[in-house]
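Begin with the overall build, then turn to details.

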Amino acid sequence: MGMTPNELARGLFRVLETGDPALAAEVVHDRFANREAAVAPAACSLSGPAGVLASSAWLRSAYEDLRLPIDAMAEDGDRVWVRLRMQGRHTGPFVRYRDGRLDQAVPPTGREIDCEQIHVLDLHEGKVVRHEAVRDDVTMLQQLGVFPPSPSVALRMAAWKVGGRAARAAEEVTRRAAEAASSV
């Protein structure tokens, strides 16, 4: 017997927290598509469990002790809505991409994040096949000191960009995401 829609949703977010390839294979459809992958490393756009594992590696490379506690869920047939919090400590560079290239790299701040997100999951053949989200990225960036920019974080970001550390961080995060994707 397969998992319930709520169990599938919980499983997907557990994969993001842990990077568990076996669980990814169990809950993620081979045709899985992530609408939110545009700001992530290219491997996060891969279909199926590979893309989810790449997304997990991307997030966990920036946030130590990544937690995604679920506040509420609702389901209607083959669709599940999930309201959760994204929590963790920013101990690695948080790298955002645009058109597959480095857009922004936030050097580790050591700060805790705690922001709300709403996710919509489509199910097909007993697995999660599609994901889209409404995230409170402004709150996350405020908690990191990026928006509005605190002088110290803005200076560190500029130094990272000029000194090449941002580009090296993006290369490393891209490599980690690709390695996680290939673990399927």
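## Overall build

Contact here means heavy atoms within 4.5 Å. Among contacts between residues at least 6 apart in sequence, 64% join residues at least 24 apart. This is a predicted model: local features need pLDDT of at least 70, side-chain atom pairs count only at pLDDT 80 or more, and totals for chains, interfaces and linings use all residues. Residues are numbered from 1 along each chain as its sequence is written, and side-chain values use heavy atoms, with hydrogens and water left out.

The protein has six helices and eight strands. Both are DSSP runs, numbered from the N terminus: helices are H or I with at least four residues, strands are E with at least two. From the N terminus, the order is α-α-β-α-β-β-β-β-β-β-β-α-α-α. The radius of gyration is 16 Å, close to the 16 Å that the globule rule gives for 184 residues, so the protein is as compact as a globular protein of that length. That radius is taken over C-alpha atoms, and the rule is 2.2 Å times the number of residues to the power 0.38. The C-alpha trace spans about 55 × 30 × 25 Å along its principal axes.

Of the 184 residues, 47% count as buried. Buried means under 20% relative accessible area, exposed over 50%, and partly exposed in between (1.4 Å probe, protein chains only).

## Two crossing helices

Helix H3 (residues 49-62) meets helix H6 (residues 165-181): their axes come within 7 Å and cross at roughly 145°. Axes are lines fitted to C-alpha atoms, for helices over the stretch in contact, and angles run from 0 to 180 degrees between N-to-C directions. H3 contributes Ala50, Leu53, Ala54, Ala57, Trp58 and Ser61 to the contact, while H6 contributes Val173, Arg176, Ala177, Ala180 and Ala181.

Glu17 sits in helix H1 (residues 5-18). Its side chain reaches the backbone nitrogen of Leu68 at 2.7 Å. This is a polar contact: a pair of N or O atoms within 3.5 Å, where within protein one must be able to donate a hydrogen and the other to accept it, and residues adjacent in sequence count only if both atoms are side-chain atoms. Beyond neighbours within four places in sequence, Glu17 touches Arg60, Leu66, Arg67, Leu68 and Pro69.

## Backbone details

The peptide bond from Phe147 to Pro148 is cis, with omega near -15°. Pro148 lies in the loop between helix H4 (137-144) and helix H5 (151-163).

Asp65, in strand E2 (residues 63-67), has a positive phi of about 55° although it is not a glycine. Asp65 is exposed, with a relative accessible area of 52%.
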